[in-house]
Amino acid sequence: MSRSSKKGPFVDKRLIKKVASGIGDKVNPIKTWIRNSKIPPEFVGKYFKVHNGKVFVDVFITEDMVGHSLGEFSLTRTFRGHGQIVKRTLEKT
């Protein structure tokens with residue numbers, strides 16, 4: 001089920017305070033573990049470090065990201081490709 005339209009999208013209050021205070025530039029990104037927070041238009045042009053369960057991933061917010069959640073841009077699994085064909089040499093005895 002999705003969130004009620006009366007409530008609106010979930011945006012963490014602490015993140016809004018940090019963006020309003022002026023931090024979030026390239027030198028001092030906003031470090032967060034809150035992956036389910038939606039991206040409002042106020043976040044555009046800010047830098048975040050979003051935790052993916054192991055490390056913090058650098059995320060720069062653009063206009064195309066508005067409405068998505070922060071966790072969508074910090075992948076938790078590394079895709080190593082589909083099975084590769086391994087050439088095996090036949091040994092002659």
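Modeller: Contact here means heavy atoms within 4.5 Å. By that criterion K31 touches K18, K49 and F56, not counting residues up to four places away in sequence. Please keep in mind that this is a predicted model.

Colleague: Where does K31 lie, and why is K31 called partly exposed?

Modeller: K31 belongs to strand β1. Its relative accessible area is 45%. Buried would require under 20% and exposed over 50%, so K31, at 45%, counts as partly exposed.

Colleague: What separates the C-alpha atoms of K31 and F48?

Modeller: The distance between those C-alpha atoms is 5.9 Å, although K31 and F48 are 17 residues apart along the chain.

Colleague: How do you know that strands β1 and β2 pair?

Modeller: Pairing requires at least two bridges. Strand β1 (residues 30-32) and strand β2 (residues 47-51) are joined by three bridges, so the two strands pair; they run parallel. Within this pairing, I30 stands opposite F48 of β2, and T32 stands opposite V50 of β2.

Colleague: What makes β2 and β3 a pair, and in which direction do they run?

Modeller: Between β2 and strand β3 (residues 56-60) there are five bridges. Since at least two are needed, these strands also pair, and they run antiparallel. One of the positions involved is H51, whose bridge partner in β3 is F56.

Colleague: How many residues lie between the strands in the hairpin of β2 and β3, and which residue there takes a positive phi?

Modeller: Four residues lie between these strands. The residue with a positive phi, near 105°, is G53.

Colleague: Why is the pairing in the sheet called mixed?

Modeller: Strands of a sheet pair through backbone hydrogen bonds, either parallel or antiparallel. Here β1 and β2 run parallel, while β2 and β3 run antiparallel. The three strands form an open sheet in the order β1-β2-β3, with mixed pairing.

Colleague: What makes β1 and β3 the edge strands?

Modeller: Each of them pairs on one side only. From one strand to the next, the twist averages 25°.

Colleague: Where does α1 lie relative to the strands?

Modeller: Helix α1 lies across β1 and β2, and runs at about 170° to β1.

Colleague: How do you know that R14 and D12 form a salt bridge?

Modeller: A salt bridge needs a side-chain nitrogen of Lys or Arg within 4 Å of a carboxyl oxygen of Asp or Glu. For R14 and D12 the N to O distance is 3.3 Å, so the pair qualifies. This is one of two salt bridges in the structure.

Colleague: With which residue does K49 form a salt bridge?

Modeller: The partner of K49 is D58, and their closest N and O atoms are 3.0 Å apart. The limit is 4 Å, so this pair also qualifies. K49, at 25% relative accessibility, counts as partly exposed, whereas D58, at 57%, counts as exposed.

Colleague: Why is S74 called buried?

Modeller: S74, in the segment after β3, has a relative accessible area of 0%. Buried means under 20%, so S74 is buried. Apart from neighbours within four places in sequence, S74 is in contact with R35, V50, H51, N52 and V57.

Colleague: Which residues make up the largest nonpolar core?

Modeller: This core has 12 residues: V11, L15, V19, I30, I39, F43, F48, V50, V59, I61, M65 and L70. The elements that give two or more residues to it are α1 and β2.

Colleague: Which residues does V19 touch, not counting residues up to four places away in sequence?

Modeller: V19 touches I30, E42, F43, K46 and F48.

Terms used: Residues are numbered from 1 along each chain as its sequence is written. This is a predicted model: local features need pLDDT of at least 70, side-chain atom pairs count only at pLDDT 80 or more; totals for chains, interfaces and linings use all residues. Side-chain values use heavy atoms; hydrogens and water are left out. Buried means under 20% relative accessible area, exposed over 50%, partly exposed in between (1.4 Å probe, protein chains only). A nonpolar core is a set of buried Ala, Val, Leu, Ile, Met, Phe, Trp, Tyr and Cys residues joined through side-chain atoms within 4.5 Å. Axes are lines fitted to C-alpha atoms, for helices over the stretch in contact, and angles run from 0 to 180 degrees between N-to-C directions.
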